[in-house]
Amino acid sequence: MVAAMNRIRRVIIVGGGTAGWMAASGLVKSLGANIDITLVESDEIGTVGVGEAVIPLIKSFHALLELDEREFLHAVNGTIKLGIEFENWGRLGDSYFHPFGPTGVEAWAAQFHHYWLKARRQGEAHALRNFSLEASLAQAGRFTLDSEPQAQYAYHFDASAYAKFLRTLSEANGVKRVEGKVVDVKVHGESGFIQSVQLESGEQIEGDLFIDCSGFRGLLIQQVLKTEWEDWSHWLRNNSAVAVQTESVAPPAPYTRSTARASGWQWKIPLQNRVGNGLVYSSDYIADDEAKKALLDNLEGSTINEPRTIKFRTGRRVQQWVKNCVAVGLSSGFLEPLESTSIHLIQNSVLRLVRMFPAMEIDPVEVRQFNNETTAEIEQIRDFIILHYKVTQRSDSRYWTDCREMAVPESLAHKIALFGSNARAVRENSEMFRERSWAAVMLGQGIEPRGYHPFVDNLNDQQLHALMAQVRTNVSRIVDASPSHREFLARF
């Protein structure tokens, strides 16, 4: 039997920001009675802090923390997000919507898009988005929590305010915050485990388990433990972003907008008090000053701050848990924010660590399982992000031609081929993006499947027409009865 002295008691989180305070709040809420948590951060070290959109699964994390939704939205200037509007991704002038909820109704053997594909051959004129409650509410600028069914939704919020909100919650629950810069790390001579971090003040902070939330620097996982990085820039060629805030000139829309530009894409995220904007691009195709100009030339409203350029590497740490150090957030891996997955990956790393928290000493078997699950998750999301670039129909710039012609992971190539055959969208191993998400992107960007599932032929033409009409009627009924997004926020 392992001695009690080997139990993990002292958890040290290096770095604050969204990743650090999500880790602190999740751990203290789940395990706070059994562990002592210290978070080390410096006000002098900035955070990236541009991730202002999330996906619906954030609500499960908030449920763990027992957050009040009204209090949360007020603290972070939050708005509702029903999905993402993609403009110019398939062809110039095209647009489609990736909704959070299901489109239409589904049978056990065939998703709704199979019914829509057959109906379109028979003259159905309505786009797939018109059969989605979330897409229709978004287009109308409306939202409600009182409908049946209820729309699936997430949030836009100020990431810096979110970190402050979680810090207040964490400290109230017993997390100790230490202000200071880490200047040295002491490692055990034989095991290679981290023993302590030393601050600029000279203070030594000892721990049993260290969580690296230091961002792209990878202060512990990279600089100390020398963990390798797997580069994905041959698939996801963007390496830069320029971000700026603007004044609101219209009521906040309940969705994120992603507009493809000549050498990247532009985001627009509306908050209660301002709008977050940015251009994600590859410096191999456009210079930083040209990218800045491209962003500023396509803004609505006056700028609030100076544009800020951020450099990044797309890829992942080969191992996210090494010895007694767990990398969370940007130190673990990075995918551009095209589908708002950055905060989700932080959330799942925290929840995975809670589930697999060592009962006694750190077991290599459990470490391997943690790394396997973390790697599988980010690689599945990676493929979904690559999909947007691979299936573009654009050829108006070298950037988009190179994206369209690139070789992709076999796992993704198989999914594209499967959908092109008979519109079969598959979800493997409980991956985050469901079949409806894959179908939304592939159909939205111009893939024309050669067929549809024969299960649809169980309905005759009259029944199929009636089904399509009934879905639109049900969606319209809810949309028409819903208040505007601005009215909802004011009441809520």
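Two strands count as paired if DSSP finds at least two bridges between them. Strands (E, at least two residues) and helices (H or I, at least four) are DSSP runs, numbered from the N terminus. This is a predicted model: local features need pLDDT of at least 70, side-chain atom pairs count only at pLDDT 80 or more, and totals for chains, interfaces and linings use all residues. Residues are numbered from 1 along each chain as its sequence is written, and side-chain values use heavy atoms, with hydrogens and water left out.

Sheet to begin with. Strand β9, residues 194-199, is joined to β10 by three bridges, and the two run antiparallel. One of the bridge pairs is Q198 with Q204 in β10. Both strands belong to an open sheet of three strands in the order β8-β9-β10, with antiparallel pairing. β8 (182-187) and β10 (204-206) each have a single partner strand, so they stand at the edges and one side of each has no neighbour in the sheet. From one strand to the next, the twist averages 25°.

Now aromatics. Rings of Phe, Tyr and Trp (its six-membered ring) pair if their centres lie within 6.5 Å; planes under 30 degrees apart are stacked, over 60 edge-to-face, and the rest tilted. That rule gives 25 aromatic pairs. F86 and Y96 are stacked, because their ring centres are 5.1 Å apart and their planes are at 15°. F86 sits in strand β4 (residues 83-87) and Y96 in strand β5 (residues 95-99), 10 residues apart. Both are buried, where buried means under 20% relative accessible area, exposed over 50%, and partly exposed in between (1.4 Å probe, protein chains only).

Y153 and Y155 have ring centres 5.9 Å apart and planes at 85°, so that pair is edge-to-face. Y153 is buried at 4% relative accessible area, and Y155 is buried at 2%.

Which residue lies over the face of Y153? K59 does, at 3.6 Å from the ring centre. The rule is NZ of Lys or CZ of Arg within 6 Å of the ring centre and within 35 degrees of the ring normal. R313 lies over the face of W229, at 4.6 Å from the ring centre.

Last, helices. Helix α2 (residues 58-65) and helix α8 (residues 342-355) pack at about 45°, with their axes 10 Å apart. Axes are lines fitted to C-alpha atoms, for helices over the stretch in contact, and angles run from 0 to 180 degrees between N-to-C directions.
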